[in-house]
Structure formats: structure tokens, C-alpha cells
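Subject: the structure I promised

Hi,

Here is the structure I said I would pass on. Have a look at it first, and then read my notes below.

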Amino acid sequence: MRTQRQVVDYSLRKRAVLRELLAGRVGTYDVCDASPYLKNAARFHGEPTEERCPICRSENLTHVHYIYGDELKQSAGQARTLTELPVLAMTLCEFQVFVVEVCLGCDWNHLVEQYLLGRDGLAGDTEAGAEQGAVGGTAASVAGAGPAIRRRREAQR
């Protein structure tokens, strides 16, 4: 997606949890604890993947995308399909997406990544480019205008 930014990948945390499980310091019941709501979200809104579950190795994992943001109001915290996200990104200024992988067989679940979506990603790039062109493109004048641009954006929110 074009407006995806501030991506946080949790693959190192996932490897640490699996290492703890294989070492016997953590039990299967501690990591395979998906709630019924998460499993229903995976069934109805999830995106199937080709990746096998690291615990049971019999089911493919499903990715569930949860959205959060001030503009969403009552819709915050809902699971959305991957096809709905670009439409929301062009409609809303900014919202966070949390991607959770779920195994419907053994109830394994883990946060995979989180990122921001929304029009602010597009507007920030075009405003900075417009400011640079309007001032004349010198690095010193753009660096001095940086805090003023940030203050204007914060005032608009």
C-alpha cells in the first residue's frame, strides 16, 4: 500500500516465544490461547496464508487485520479484510492496523506487525514538496520551515 508507514515487525518476538516453547520454559496452553472472538474474526474477515502453523504444523495460518484510530469512532477495534484497507486509507486521515496471525486448528495467535495507514502519508509528502518548491528549494530555508510545517499540521488535527 502506498500510504503504509511506521511499520513495526514482530518476527523477532515470535522467534523468541517459539524458542521458549521448544526449550520447555513455556507451555503450549500459554501460547495457544486464541479467544473465540479472534477465531471468529479469522474465519470471517481473515486472509488465508500459505504459511503453516509453527505449533501444530497441520493448518495454514490466517492473518486478521484490526484497525484503530480516532476517526473510526465506533468502528475502532474491528477486524477488516485486506481489500477494505486501501479504501479506508483514502477516506481517513490516519489509523493504525494490527496484523495478528491465527491458527484455527490449535488456537496459536501472535501479533505479526503493526503500521499506520491514511491520507496523512500522502499529504505530508506533497506538502513538504510544495513548501520546498515555494521557498526556492534551498536546504537552509526548508530546514527553518520544518517546525512551522509541523505546528500547522498539529493545529489542523
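This is a predicted model: local features need pLDDT of at least 70, side-chain atom pairs count only at pLDDT 80 or more; totals for chains, interfaces and linings use all residues.

Two strands count as paired if DSSP finds at least two bridges between them. With that in mind, S5 and S6 pair in the antiparallel sense over eight bridges. Residues are numbered from 1 along each chain as its sequence is written, and side-chain values use heavy atoms, with hydrogens and water left out.

First, the overall layout. The protein has six helices and six strands, taken as DSSP runs (H or I, at least four residues, for helices; E, at least two, for strands) and numbered from the N terminus. Their order from the N terminus is β-α-α-α-β-β-β-α-β-β-α-α. Of the 157 residues, 36% count as buried, where buried is under 20% relative accessible area, exposed is over 50% and partly exposed lies in between (1.4 Å probe, protein chains only). The accessible surface is about 9700 Å², with 52% of it belonging to carbon and sulfur atoms; areas come from the Shrake-Rupley method with a 1.4 Å probe, and for residues only the protein chains shown count as cover.

Back to S5, which spans 95-102. His 65 is the residue opposite Val 99 of S5, and Glu 101 has His 110 of S6 as its bridge partner. S5 and S6 make a hairpin with six residues between them, and Asp 107 in that turn has a positive phi of about 75°. Seven of the eight S5 residues are buried, so the strand is largely enclosed by the rest of the structure.

What makes up the largest nonpolar core? It has 11 residues: Ile 67, Leu 72, Leu 85, Leu 88, Ala 89, Leu 92, Phe 95, Val 97, Val 99, Tyr 115 and Leu 117. (A nonpolar core here is a set of buried Ala, Val, Leu, Ile, Met, Phe, Trp, Tyr and Cys residues joined through side-chain atoms within 4.5 Å.)

Now the cysteines. A search of the whole structure turns up zero disulfides, a disulfide being a pair of cysteine sulfur atoms within 2.5 Å. Cys 32 has its closest cysteine sulfur in Cys 106, at 4.0 Å, too far for a bond. For Cys 103 that neighbour is Cys 56, at 3.6 Å, again too far. Cys 32 is buried at 12% relative accessibility, and Cys 103 is buried at 0%.

Two other spots to look at. Arg 5 sits in strand S1 (residues 5-9) and is buried, with a relative accessible area of 18%. Its side chain makes a polar contact of 3.3 Å with that of Glu 94; such a contact is a pair of N or O atoms within 3.5 Å, and within protein one must be able to donate a hydrogen and the other to accept it, with residues adjacent in sequence counting only if both atoms are side-chain atoms. Ala 76 lies in the loop between S3 and strand S4 (79-80) and is partly exposed at 32%.

Cheers
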